[in-house]
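Dear colleague,

My notes on what was found in it follow directly after.

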Amino acid sequence: MNKSEQLLSAFSEDYFFKELVIDELKFKPDCSTELEVADLLINLGNIIVAIQLKSRNDKDNTGDSILENKWLQKKCKVAKGQAKDTLQFISSGTLPNFHNKRGQTITLQSDAEVIPLVVFENNQIGNYPHLLTKHSDSGMNINCMSFSDYCEMCRVLVTPIEIVEYLEYRKAIYEEHGDIDIMILNGHNNEMVLTKPQEKESLVHQFLAEKYGMKEAENQKMAIQYFRNFLHLLPERTMNSLSKTESYEILLFFAHFHRYEITEFWDLLEKTKNEAKNKQNGIRHSLRSDISEYVIMFMANGLVPIEMLLPIIRRVVEPKKIFEIDVHWYNEKEFGIDFLLWEDAK
C-alpha cells in the first residue's frame, strides 16, 4: 500500500473497528493475473462499502486546478470500472477468504449489498463531482468525495450503520438535485436546517436532522462516544477467552446499532453494572428489536444457559439472535463482562 492507502486504512480502522476493515484484497483467480477487489472494504456482513482511493503524488501535482481536475476526471473513469468489477467479484461467490485488520479470516457474503465509494486525495481540488453518474442503463451512480470530506463524514456520523445509510441518502440527494449549492430543510420538531452540501460534507447534518433531529442527535453524542470506546476495548481486554470468530461476530452485531439502540443499550448496561455491584443477581433488563430480530438480555453475576432463556423469550418474540451480557465485579473497583451470542441455525 502507498502512504495514502495506509492513511485511509488507519482512519477507517478507528471509525469502523479493525474487525470490519479489510485492506489486503489481492487475489489470483485460477492462477491467472493478480487482481484486486478494491483498495479497502468496510465489511458489515450483509452490507459492504467498497472504496476506491485515488491519490495524487505531490511531485506530480501541477498546482493548476484545471489540470488537476482533469486528473480527477481520468481517475474517476477508471474507478467506475473498478467499482463494477468489485460488484462482480463479490457476487460471484468465488473469492478467497481475506484477513481483516484484526488478523481474522473473513469470508465475504456473495449476496451482500455492495455500496461503492470513490475517495480521492488531492489538495488542489476544491469543487468536484459528488456523484459519478452512469452513462448507460447497465451503469451505476457512485458516491465520490475527497479524503477530507470522508474524514468529516466519519467524525460526524460515528456509527458504522449510520455511515452506510448516509451514503445511500447522499446518492439519492445528488441523483434528485445534482450538485446543489444550498438546501433548506424543515426537520424534526420544526427544526430549520440550512446546509451547503458542497462544503465540508455538510449534508451529513441534514441527514441527522431528518433522521433524529439535530437536538436529539446532539444529546446522544456522549453515550455514543462511551459505546465506541467500549467496543474498541473489547478485543484487547474482554475477548481474550473468545475465539476469533466469536469476537468478530460480536463486533459485527454491534456495528448495526443505530443511535437510539446505542443510548438505550448504554443506559441498561450502566444500570446492570450498578445492580451487580449491589449483589443483585439474574436477569436484570432486556432490549429487543423487531426490525433486526434480536433480543439482548442483561445479567448480573452469571450467564443463564440459552436453553433456559429460549422458552421464556419465545413467549413474546421469535428472535434470530439472542445476546446475553453478564456483568460481575471482582472487587470494589474492577468488574468484568461476559458475552454469549446465540444465532438461530434455521
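**Aromatic pairs**

Phe 27 and Phe 89 are both buried, where buried means under 20% relative accessible area, exposed over 50% and partly exposed in between, with a 1.4 Å probe and protein chains only. The model is a predicted one, in which local features need pLDDT of at least 70, side-chain atom pairs count only at pLDDT 80 or more, and totals for chains, interfaces and linings use all residues. Residues are numbered from 1 along each chain as its sequence is written, and side-chain values use heavy atoms, with hydrogens and water left out.

The rings of Phe 323 and Phe 339 are stacked, because their centres are 5.7 Å apart and their planes stand at 25°. Rings of Phe, Tyr and Trp (its six-membered ring) are taken to pair if their centres lie within 6.5 Å; planes under 30 degrees apart count as stacked, over 60 as edge-to-face and the rest as tilted. Phe 323 belongs to strand 15 (residues 321–329) and Phe 339 to strand 16 (residues 335–343), so this pair ties together parts that are 16 residues apart in sequence. Helices (H or I, at least four residues) and strands (E, at least two) are DSSP runs, numbered from the N terminus. Both Phe 323 and Phe 339 are buried.

The structure holds 30 aromatic pairs in total. One of them joins Phe 27 to Phe 89 in an edge-to-face arrangement, at 5.2 Å centre to centre and with 85° between the planes. Since Phe 27 lies in strand 2 (residues 26–27) and Phe 89 in helix 2 (residues 65–92), the pair ties together parts that are 62 residues apart in sequence. Ring pairs also link residues into a cluster, among them Tyr 226, Phe 254, Trp 266, Tyr 294, Phe 323 and Phe 339.

**Helix 3 and helix 4**

The axes of helix 3 (residues 147–157) and helix 4 (residues 160–177) come within 9 Å and cross at roughly 125°. Axes are lines fitted to C-alpha atoms, for helices over the stretch in contact, and angles run from 0 to 180 degrees between N-to-C directions. The two helices are therefore oblique to each other; angles under 35 degrees count as roughly parallel, over 145 as roughly antiparallel, 65 to 115 as roughly perpendicular and the rest as oblique. On the helix 3 side, the contact (heavy atoms within 4.5 Å) is made by Met 153, Cys 154 and Leu 157, and on the helix 4 side by Glu 162, Ile 163, Tyr 166 and Leu 167.

With kind regards
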